[in-house]
Amino acid sequence: MVQKYQSPVRVYKHPFELVMVAYEKRFPTCPQIPVFLGSEVLRESRSADGAVHVVERSCRLRVEAPRLLRKIAGVEHVVFVQRNVLNRKERTLLIEAHNETFANRVVVKENCSYRVHPENEDWTCFEQSASLDIRSFFGFESALEKIAMRQYTANVKRGKEVIEHYLNELISQGTSHIPRWTPALTREEDALSQAGQRESSSLEVCGPSSAQDPAPESVSTDEDKLDADYIERCLGHLTPMQESCLVQLRRWLQETHKGKIPKDEHILRFLRARDFHLDRAREMLCQSLSWREQHQVDLLLETWRPPALLEEFYAGGWHYHDVDGRPLYILRLGHMDTKGLMKAVGEEVLLRHILSVNEEGQKRCEGNTKQFGRPISSWTCLVDLEGLSLRHLWRPGVKALLRMIEVVEGNYPETLGRLLIVRAPRVFPVLWTLISPFINENTRQKFLIYSGSNYQGPGGLVDYLDKDVIPDFLGGECLCNVPEGGLVPKSLYLTEEDQEHEDQLRQWRETYHSASVLRGAPHEVAVEILERESVITWDFDILRGDVVFSLYHAKQALTPGPQEPGARAGGQLTDRGWALGADFSCVEAPLICREGESIQGSHVTRWPGVYLLQWRMHSPPAPAACSLPGAEDVLTAVHSPGPRCKLLYYYEVLASEDFRGSMSSLESCSSRFSQLSAATSSSSAPSHSSSLASR
């Protein structure tokens, strides 16, 4: 594979002629570049008028490689041939170089140019490009490629410093101006007059009022090229290879992309997301650009207005900035009725709102970059989980969250600088188990999770937020205007007849199972558990009637024999001769569930075996004892039709190893989560279960 390098435009704030004198001082040897052993002139020529000077040199460079590799190659240094074409009239220097050593195995080509700055004739621009093609090298191709690129980029970085060194040396010796080349026939007095005008112009341009760096647009006028000083000032410090990737990807977009070219900050995020692997970053960026065009995302901030219901019940908003100058977004997820919002506005509206938050975040990063005078490319999110419960594990809501994570990570990479999660409750590890596999590893490393009140004091929020911006609801003194959320009234839910809602309802029904419950004929689901401390989670909505929900553990195999985990309605799955306490046990106290309620819950199993989820009709006079229905009750229900209860349900089993894995993930990326991890993952801890109704 051919490796390529392309530098941004580097600007020397000195005239071209002075830079050329500094450049010539690098030969025949250059102590500032230790690997450069020396050079000799092979041939030299000049044009008739003296304007063009061509020099061809042979340059020797020491091989900085492991001893074994040098021994196999049989060389201690390599030879490059360099051809310089200096055009004093046009004020350009073009440099071409290629390797002579191992030329049949390794092909190295380099092109450099010095030119006058397009907006300031007393400044000099420098650009550099190179390619490395290792065809064969004794089986060490991969190792050689890494060594060569590392050494090359080190020399690139050193090259600018060397020119600056010799420029300073010339100026300290009293040489600050070199006359420009003029034709031999020009009268001497004209030459002196022109030189005087240039000196006067130079003083005007380089005086205090114009001492600032050129704006990014000034360098971009020449084929819209990037300036290295602009990269350092507006995008942050990049290595030479990272600069090269940015320049190459931006140039590729200019040549191939028909629409609006993304901002440099945006391109850089995709490169960082793919560890500056150019091809993968280009593929990811192209997919995102296509997505943005398809969904008109560039116009989102101008066209999107959140519904009034979202403004009232969506508990999230912007709140000043963190200690690093990153914009701060606060989300009170535990106070938010995610299920109610989904049923009231739909998944697409919520997704649109999340996208608008990310668009606003990028805009705020640009504003903070200008305000603080340093590159700020990401924002901080503070998530308050107080109030988070099992109702937030409503399966369509979790699926919608996973979809939003996928969309955001695919189109807004590296925009999240830090995620502070505070007041994480015991149920959080279950949610983490569900969503963490869909979060990029680089993003997970930015999570800081605090349970209880551990976010207070040293090591907590004060390490990341100034005291005067910590919200009042977290013990700070700053009034936070983020909506408090709350339950969305069911009267605001979209109806099944809403055309825009039909696809979403269909997707929910594909996820959930429907069931009818008759008097004396419960609906039961058998769940086979292979190892203790697995987690059974359930989620159901009561559409009609009142039911009693119970969970049982069967100590014996079911009469019908081995079954796939699933649902069997209208029949008794256990032998009617089984006795409570001897053959089966009730592991969840019966829960009366009323019509219209949404129930979420989980149970950490103590033993392997078969567990039964049971829904039976609630009859007020019936005793509240924990018992399974008999065959006579079932026959009575079948032959004596009566009122029915209807429900939609979903259940899932989280394997013990997955549940423990979520704890390990939390411990690895958290600062104050040890108590929660220990309490939930301890093998000696009692079985823990809970159910919650969203009313």
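Predicted model: local features only at pLDDT ≥ 70, side-chain atom pairs only at ≥ 80, totals over all residues.
Modeller: Residues are numbered from 1 along each chain as its sequence is written, and side-chain values use heavy atoms, with hydrogens and water left out.

Colleague: Why is the contact between R292 and D298 called a salt bridge?

Modeller: The term requires a side-chain nitrogen of Lys or Arg within 4 Å of a carboxyl oxygen of Asp or Glu. For R292 and D298 the N to O distance is 2.8 Å, so the pair meets the definition. A search of the whole structure finds 33 salt bridges.

Colleague: What makes R292 buried?

Modeller: Buried means under 20% relative accessible area, exposed over 50%, and partly exposed in between (1.4 Å probe, protein chains only). R292 has 8% and is therefore buried.

Colleague: How do you know whether R326 and D324 are buried or partly exposed?

Modeller: R326, at 18%, counts as buried, whereas D324, at 33%, counts as partly exposed. Their side chains meet in a salt bridge at 3.5 Å, N to O.

Colleague: Which parts of the chain does the pair E386 and R423 link?

Modeller: The side chains of E386 and R423 form a salt bridge at 3.3 Å, N to O. E386 lies in the loop between strand 11 (379-384) and helix 14 (395-411), and R423 in strand 12 (residues 416-424), 37 residues apart. Helices (H or I, at least four residues) and strands (E, at least two) are DSSP runs, numbered from the N terminus.
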